[in-house]
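Biologist: I would like to learn how to read a helix and its charged pairs. Please take me through one case.

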Amino acid sequence: HLSPLSLYARSPDLERAINDYSRIFLPLLAGWTAASPPPPPPIEVAWVWQLHKLDPRAYERDCVKAFGRVVGVHPGQNPFTAATACGA
């Protein structure tokens, strides 16, 4: 990946990425429609999002608990493409 941050084990960088994902980016996804996508996330937030989606049951449970539905899953959407396309 393109981030110089320490994201593969518990670290301040990973904790910050998880916080940004859960408190900033995931709520943005709740308002996302195909017509109004959110801005692309920084690569470290995209990484956390990808990891979260690797456990579909947990992703569904967490989204339903927070937003009443699964958010941010649209066919053909790839958070890494979006983040890297903007030079993040």
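Biologist: How many residues does helix α3 have, and what does it reach from its first C-alpha to its last?

Modeller: This is a predicted model. Helix α3 covers residues 56-67, which makes 12 residues. The span is 16 Å, close to the 16 Å expected at 1.5 Å a residue. Gly 68 follows α3, with a positive phi near 85°.

Biologist: Which residues of α3 are buried?

Modeller: Buried means under 20% relative accessible area. In α3 this applies to Ala 58, Tyr 59 and Cys 63. Viewed down the axis, the buried residues of α3 fall within an arc of 125°, so they line one face of the helix. They pack against α1 (12-30) and α2 (43-53). On the other side of α3, Arg 57, Arg 61 and Lys 65 are exposed.

Biologist: How many salt bridges does the count come to?

Modeller: A side-chain nitrogen of Lys or Arg must be within 4 Å of a carboxyl oxygen of Asp or Glu. By this rule there are 2 salt bridges. One joins the side chains of Arg 16 and Asp 13, at 2.8 Å from N to O. Both residues lie in helix α1, 3 residues apart, about one turn of the helix. The other joins Asp 62 and Arg 61, at 3.4 Å from N to O.

Notes. Residues numbered from 1 in each chain as written. Predicted model: local features only at pLDDT ≥ 70, side-chain atom pairs only at ≥ 80, totals over all residues. Heavy atoms only, no water. Helix = DSSP H or I, 4+ residues; strand = E, 2+ residues; numbered from the N terminus. Expected span 1.5 Å × (residues − 1). Buried < 20%, exposed > 50% of the residue type's maximum accessible area, 1.4 Å probe, protein only. Arc of directions from axis to C-beta. Contact = heavy atoms within 4.5 Å.
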